Amino acid sequence: MVKPFKVNISDQIIEKIYEKVRKYPWHEMPDDGGWEYGTNLDYMKKISKYWTDKFDWRKQEAKINKYSNFITKVDDIDIHFIQEKGSGSNPMPLLINHGWPGSIVEFLDIIEKLAHPERFGGDEKDAFDVIAPSLPGYGFSGRPARPMGPRKMANILNKFMTENLGYKNYLAQGGDWGATISNWLGYDHSKTCSAIHINCLTMRHPDGPQTKEEKDWQIKFDKDQKMQDGYRTQQATKPQTLSYGMMDSPVGVAAWILEKFYFWSDIKNNDIESVYSKDTLLANIMIYIVTKTFNTASWIYYGRREEGGRFFPKDFRRIEVPTAAALFPAEMSAWPPRSYVDRMFNIKRWTNMSKGGHFAALEQPDLLVDDIRAFAQTLR
């Protein structure tokens, strides 16, 4: 059963959040801090003042509720999703999946462009039925009983698309965990997930790098990721311990998430707001806070560790569904050489983007939309 849903957080909840932000006991950071020790203290004070003085959550609710929101149950978990039916007589079903620390906020500015291209100078024959779920444990979806990895989430989302929504085939798209879920959709559910478009690669081939170029990439990748491993290790091993501090600290949640948006994005002059407005950053952060899902959202890291981590299984067979790869230059998880990726996927489109980073739908929405649309034209 699919039920209509509307985001409507009570004034009492919102005011309690703002009050905690106002009363946050600011502390010290090293004099040479900047962002290198973590989220910058001066910026946290700046955005927190904006949060309590000027940020309007109701405007963000309205942006979400502009689209048709629904709740449905899959394997006893409530799945929240936006569904925007596309223009014309034959729109292609498109499942777009967010990751961590993202949310459906990432897609609010691309849904209409994908569903109704003719409103933006395009052709309605390129329209999609756009389906944007909140992942299990995230946002307005329900939580699993215990940590769940991306492969199991792919099983749930395939069932969601085919049984709950009745689509026979669909295209899956994603970055971050959304890309990993799309990988598994193409691997385990190729009869229904007919193609995938990814703007991030988090999985590795079980046989590892083969050529000198691939081996050099592996060495550099592992070196680059050392400074990223702190949050990842914590969330993949002891997520519950972290959660106790976060559940009562909106500023703590904001700092944890803002660090990733700063370091994973194609920012200019060390200014996070060269890419994102305060409203966009806070809207995404508030999703985690108002739904109290910071903890359960982090469980996916623990779940993937149980599923085998970054590596596909030893008996891995190449993913043969048509695959498009969109490579944004500031992606924090650097792509391997094309030869490595070709051993894992049936690559039909390989696009080196001119700008943008990890959160492609927010950073460069038009580049992403154009690439998804061009790929889909080869499938229709």
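Visitor: In strand 6, which residue is the bridge partner of isoleucine 96?
Guide: The partner of isoleucine 96 in strand 6 is glutamine 173, where strands are DSSP runs (E, at least two residues) and helices are DSSP runs too (H or I, at least four), both numbered from the N terminus. This is a predicted model, in which local features need pLDDT of at least 70 and side-chain atom pairs count only at pLDDT 80 or more, while totals for chains, interfaces and linings use all residues. Residues are numbered from 1 along each chain as its sequence is written, and side-chain values use heavy atoms, with hydrogens and water left out.

Visitor: How many bridges join strand 4 to strand 6?
Guide: Four bridges join strand 4 to strand 6, and the two run parallel; strands count as paired if DSSP finds at least two bridges between them.

Visitor: And what about strand 6 and strand 7, in which sense do they pair?
Guide: Strand 6 (residues 170-174) and strand 7 (residues 193-198) pair in the parallel sense over five bridges. Alanine 172 has isoleucine 196 as its bridge partner in strand 7, and glycine 174 stands opposite isoleucine 198.

Visitor: Is strand 6 mostly covered or mostly open?
Guide: Strand 6 is mostly covered, since five of its five residues are buried, with buried meaning under 20% relative accessible area, exposed over 50% and partly exposed in between (1.4 Å probe, protein chains only). Tyr170, Ala172 and Gly174 point one way from the strand, whereas Leu171 and Gln173 point the other way.

Visitor: What is the strand order of the whole sheet?
Guide: The sheet is open, has nine strands in the order 1-2-3-5-4-6-7-8-9, and shows mixed pairing. Strand 1 (2-5) and strand 9 (345-352) are at the edges with a single partner strand each, so one side of each has no neighbour in the sheet. On average, neighbouring strands of this sheet are turned by 25° against each other, direction ignored.

Visitor: Which strands does helix 5 touch?
Guide: Helix 5 (residues 150-164) packs on the sheet and touches strand 1, strand 2 (69-74), strand 3 (77-84), strand 4 (92-97), strand 5 (128-133) and strand 6, where contact means heavy atoms within 4.5 Å. The direction of helix 5 makes about 110° with that of strand 2; axes are lines fitted to C-alpha atoms, for helices over the stretch in contact, and angles run from 0 to 180 degrees between N-to-C directions.

Visitor: Switching to proline 133, is it buried or exposed?
Guide: Proline 133, which is found in strand 5, is buried, with a relative accessible area of 0%. Leaving aside neighbours within four places in sequence, its contacts include His80, Ile96, Leu157 and Phe160. Proline 133 and histidine 80 are 53 residues apart in sequence, yet 5.7 Å apart in space, C-alpha to C-alpha.

Visitor: What joins the side chains of serine 87 and histidine 116?
Guide: A polar contact of 2.7 Å joins them; the term covers a pair of N or O atoms within 3.5 Å, where within protein one must be able to donate a hydrogen and the other to accept it, and residues adjacent in sequence count only if both atoms are side-chain atoms. Serine 87 lies in the loop between strand 3 and strand 4 and counts as buried at 11% relative accessibility.

Visitor: And where is lysine 292?
Guide: Lysine 292 is in the loop between helix 11 (278-290) and helix 12 (294-307), and at 61% relative accessibility it counts as exposed.
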